Amino acid sequence: MSEFFAMDGYAAFLWPSYLITFVAIVANIVIALKAHASARAAALRRLEGDPAGTQT
Amino acid sequence: MGTNWAWFHRFGSPPHVYRLAGLLTPWFAWPAALSILAALYGGLVLAPPDYQQGEGFRIIYVHAPSAWLSVMIYAVMATAAGVGLIWRMKVAHAAAASCAGIGAWFTVVSLVTGMLWGKPMWGTYWVWDPRLTAQLVLLFLYLGYIGLRSGIDDLGRADRASAVLALVGVVNIPIIRYSVEWWNSIHQAPSVMKMAKPSMPMEMLVPLLLMFLGFTLYFAAVMLVRLRAEILRRERSASWIREALR
Amino acid sequence: MTPRQRRVALVVGILAGVSVAGLLALSAFRENVMFFFDPSQVAAGDAPIDKRFRLGGMVRPGTVEREAGSLDMSFVVTDFERDVKVVYTGVLPDLFRENQGVVAHGRLGDDGIFVADEILAKHDENYMPPEVAKAIKSKHGGVMPVDPDPRKAKPET
């Protein structure tokens, strides 16, 4: 197992590569979902006649 | 006039696209997750080490798909921008705008993973090589596109100005792809994205192809969610929203 | 022209204009864009001999010589047509090997020897498991058959 993580001495380059890729994948999911949720909330506020909804 | 353009004009209709995007998202998201997980196992565990680079070559499984995404997303973005310009289609501009952020992220990933691969193998994190430089220019194109959009308040003008920038940047795409063939470059030629037979055996190739597939599906899913957000923000007063958000 | 045809013309015009500008710029700066020059280009006088430049090619097998007890070393870079001898002092990247691509940054001396201060390794696009590589090697008498860049593949003279 530790041999797997050592990656033949390339661990210091290989795992950070996988980490940043993972971060990008998760971050883009979060960004997209948040953008949709906030656009949706703003649209709903607007439909209820809240003038604040037109501001955001 | 004989051609039936109804299907095309439906793609110009925000309610239709909003609904369709919502329906399609899970069909891209779950296969994407499965492909990426399977490709991770295949790439990190099943694939044998390389005869020259040993275990270090496994960086290819995150580097090459990210680089592919960065270029493919730009092509999608420029196509959508062109459609938006020609047909004055707001949804197409919204689609182009939803691509830029994702493309910029994966351009950064391709650059950073490339540096982390270059240090042990080539002996340097960075050199001003044609391929590497063209990829950096791609990042600046994405950032310029995003900056231009956020700098113009009027949405219609922002759409048109950023679309022109996206189209101008298209010239960089063949430069990235062919830089390693047109000029002497430290970067190796493509192993997979070429007409000839891939330059690796099946047990290395299959996880890589799965990763390409997974990343592409992942992009489709994330882009559709962002597209829905973009449509909602643009169509704030439209009455169909009341219907759609029930 | 309808407004839409005008907009099509605009988009096509942008793409065409930028492509032409890009092509012109790239051919004008061709020499500066070259990341390295191969020994044939050096022999033909294409490389900026008076300045520092990068020399690239394959490490000719059997030419790597190391000075015992120091980091001094020398080897021959070849493109299978011309050779250039390189001297270097320092640490080498992992992939520096005989019959592998290499890019040396430095200056060409009057004696025709290239004095490098930086050595980068260049690998090709072929990946294979060690056992397969070993099998191929044993079939070819202990050396990996060189698969140089197909654009520049020339019969070894």
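Which residues have the most contacts inside the largest nonpolar core? They are Met77(B), Ala96(B), Leu55(C) and Ala104(C), in a core of 118 residues. Such a core is a set of buried Ala, Val, Leu, Ile, Met, Phe, Trp, Tyr and Cys residues joined through C-beta atoms within 7 Å. Buried residues have 20 or more other C-beta atoms within 10 Å of their own, with C-beta atoms placed from the backbone.

The model is predicted: local features need pLDDT of at least 70, side-chain atom pairs count only at pLDDT 80 or more, and totals for chains, interfaces and linings use all residues. Residues are numbered from 1 along each chain as its sequence is written, and chains are lettered from A in the order in which they are written.

Chain B has 9 helices and 0 strands (DSSP runs of H or I, at least four residues, and of E, at least two). Of its 246 residues, 52% count as buried. The C-alpha trace of chain B spans about 60 × 35 × 35 Å along its principal axes. Ala96(B) touches Met77(B), Ala80(B), Ala81(B), Gly84(B), Ala163(B) and Ala166(B), leaving aside residues up to four places away in sequence. Contact requires C-beta atoms, placed from the backbone, within 7 Å.

Chain C meets chain B through 35 residues, against 37 of chain B. Helix H1 (3–28), strand E6 (114–122) and helix H4 (130–139) of chain C each supply at least two residues of this side. H1(C) gives the most, with 9 residues.

Definitions and conventions. Contact = placed C-beta atoms within 7 Å. Buried ≥ 20, exposed ≤ 12 C-beta atoms within 10 Å, placed from the backbone.
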